[in-house]
Amino acid sequence: MRRADLDQVVAALRQPIETFVGETRVRIALLINRSGQVLGQYGFTRKYEVVNVASLAASASAAATALAELTGSQRWTHLHHGGATRQLFIAPIQTPSEEIILVAIFDDDSSVGLVQLFFDRFGEKLASLEAFRDAAPTSDQSNFEQDLEAGLEHVFLPDQ
Amino acid sequence: MKKLFEDMLDRLSRVPGVRGAMIVDAQAGVPIVEEMAEGVAGGAVAAMAASLVKRSAKAATTAKFGELRAIQLEAAAGHLIIASHRDVVAVAVTRVDAQLGLVRVEMRNVLEALKR
Amino acid sequence: MRKSAAPAELQRWSEEVAHDPGAPSFVPLADAYRRQGNRDAAVRVCLRGLERNPGNVEAHLLLARLYLENGDRERAHDEWGFALRLDADNFEAHRGVGFVHLDRGDFGIARRHLDRAAAARPDDPAVQEALLVLTDRLRGATAQSQAPAEGNARGQGQGRLASTVAALDPVKLFDPLRRETPFLGAVILDAHGLVLAGALSRDATGTDAEALGAILSGAIEEAARTADLLDLGAWRGIMLETEHAQLHITVLPDQFMVLLAADPGAPAGWVVRAAQRATELSRSFLQGGA
């Protein structure tokens, strides 16, 4: 997503993310696009953690898309990893601008059923946001790095 | 085993006033076996019933009331009856005029089968 | 039933009362303090307000209620008396004075006030109960020397008196249920989790009521959300059956709740019925005091 559109998109995503976190009681929620550009987050305190999770989730999403195509199962709906104490939920959301990806990390206080239940509403809410109608994906390879970095700057305060 | 649960849920869902019944994985909040009437969102019932059980069980332990056994949620248009055993819960969604005594008996049968 | 005050309203009332202690807002302000559990501040605001504005009937009634909750029936009686001088037909004042005289054994005065209260509100359960007690007591007084078989009837009358008197004391609000074996106690909790009336047997439940309210808040919140998401309509209550106790929570307007605890072996039907009775007592208590 272009740097020029980030202000509007990041601001528009803040409230829906908080609502989703409150409803599902997930510990961490991260929204990225397929390039790994960060559009919103809740629960992370360090930039480098976000960078790592964002890039790995973008890779996981790309792998899931490729696998879905390869196996003829069309679109992938979500990936769930049930760890011993923490669980991971990754799912794509279609918006008018581009596909974005939710990464949610949760523990015993939530469940994959609860996350799935509220994820559907969350996806609908995001798809209807005005901010995505006017936003455009990064089109120029030379701007890619800067746009990626700008996403992080928008969701974190300068001293974090 | 699955057949046994299906038979039990079938009996439970035939009790007058019952709109659906299911066995839920309490940790994951997803249905294991379900028998729901049309219009009842099975996924939502499983997720919310499991969440309610988790929170209530935590409260019961904190208050030193011991293990949570059952929950009966009463609302204007119906009831949610839940019987809990370890990580598995049996759930029935009923209308407000349901035969609750009979529902509880059938729920106990499901629970006994779960314990075996 | 008065709604809980919003912070903005509280702020406005506080400012008005600071400027003029007799401003009409001293009554809702005192009531808000009372609902927050700050009875001392509520009494102070009432007394200062009544110095400037002694003709405020609502303030006398509220002060009577505050005295009653502090266990001071005599002062409560005096305030109801003031209220009756200002409003000769006031239901709440007649009922309060009637109860106090019934408790004292002044049956004639009690009858006069309870009849007036019954005329104003024929369906009030507490007044009906008090009139039954009064009839029993009068019958008992005239037949004091008669056969011991009547002792039983008098015993029942005493039981009813106990329940009526219990209705005067917030802590004893649910005492009529205490006679039934599975009952371990009941309380009314406000939106802040403070106990407004009733008591739980700490020995039986192992925890105090306010702590229990806080512990259960997560489950209560989830119950409300579940009913909403599953289209079950407005949620009315929840029953939790645990190893050592059965708990029933009923929702009342303005975020009040009635929490009832029962023996784990109590039949579910009994728990639901007992919860209904506790709810009726609570509604009566919240709708202007017993």
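**View 1. Two helices of chain C, α2(C) and α3(C), meet along their sides.** In this predicted model, C:F26, C:V27, C:L29, C:A30, C:Y33 and C:R34 of α2(C) are in contact with C:R39, C:A41, C:A42, C:V45, C:C46 and C:G49 of α3(C), where two residues count as being in contact if their C-beta atoms, placed from the backbone, lie within 7 Å. Helices (H or I, at least four residues) and strands (E, at least two) are DSSP runs, numbered from the N terminus. By class, this contact has 9 nonpolar, 1 polar and 2 charged residues; Ala, Val, Leu, Ile, Met, Phe, Trp, Tyr, Cys and Pro count as nonpolar, Asp, Glu, Lys and Arg as charged, and the others, Gly among them, as polar. Helix α2 (residues 26-35) and helix α3 (residues 39-52) of chain C pack at an angle of about 165°, with their axes 7 Å apart; axes are lines fitted to C-alpha atoms, for helices over the stretch in contact, and angles run from 0 to 180 degrees between N-to-C directions. The two helices α2(C) and α3(C) are therefore roughly antiparallel to each other, since angles under 35 degrees count as roughly parallel, over 145 as roughly antiparallel, 65 to 115 as roughly perpendicular and the rest as oblique. The crossing of α2(C) and α3(C) is left-handed, a term used if the near helix is turned anticlockwise from the far one by less than a right angle, with right-handed used if clockwise.

Residues are numbered from 1 along each chain as its sequence is written, while chains are lettered from A and ligands numbered from 1 in the order in which they are written. Because this is a predicted model, local features need pLDDT of at least 70 and side-chain atom pairs count only at pLDDT 80 or more, whereas totals for chains, interfaces and linings use all residues.

**View 2. Chain C touches chain B.** Here 28 residues of chain C are in contact with 30 residues of chain B. On the side of chain C that touches chain B, α12 (209-229) and β3 (235-242) each supply at least two residues, and the largest share, 10 residues, comes from α12(C). The residues on this side of chain C divide into 16 nonpolar, 8 polar and 4 charged. Strand β3 (residues 68-75) of chain B and β3(C) pair in the antiparallel sense over 7 bridges, and two strands pair if DSSP finds at least two bridges between them. Within this pairing, B:Q72 stands opposite C:M239 in β3(C).

**View 3. An open sheet of 10 strands includes strands of both chain B and chain C.** The strands lie in the order β2(B)-β1(B)-β5(B)-β4(B)-β3(B)-β3(C)-β4(C)-β5(C)-β1(C)-β2(C), with antiparallel pairing. The edge strands, each of which pairs on one side only, are β2 (30-36) of chain B and β2 (195-200) of chain C, and the twist averages 10° from one strand to the next. Strand β1 (residues 183-189) and strand β5 (residues 257-262) of chain C pair in the antiparallel sense over 6 bridges, and the bridge partner of C:G185 in β5(C) is C:A261. Helix α3 (residues 100-115) of chain B packs on the sheet, touching β1 (18-25), β4 (78-85) and β5 (88-95) of chain B, and the direction of this helix makes about 25° with that of β4(B).

**View 4. Chain A has an open sheet of 5 strands.** The order is β2-β1-β5-β4-β3, and the pairing is antiparallel; β2 (38-42) and β3 (79-82) of chain A are the edge strands, each pairing on one side only. Strand β3(A) and strand β4 (residues 87-94) of chain A pair over 4 bridges in the antiparallel sense, with A:G82 standing opposite A:Q87 in β4(A). Helix α2 (residues 47-71) of chain A packs on the sheet, touching β1 (28-33), β2, β3, β4 and β5 (99-106) of chain A, and its direction makes about 60° with that of β1(A). Helix α3 (residues 112-127) of chain A also packs on the sheet, touching β3, β4 and β5 of chain A, and its direction makes about 25° with that of β4(A).

**View 5. Helix α3(A) packs against helix α2 (residues 42-62) of chain B.** The angle between these helices is about 130°, with their axes 8 Å apart, and α3(A) and α2(B) are therefore oblique to each other. The contact is made by A:G113, A:L114, A:Q116 and A:L117 of α3(A) and B:G43, B:A44, B:A46, B:A47, B:A50 and B:S51 of α2(B).
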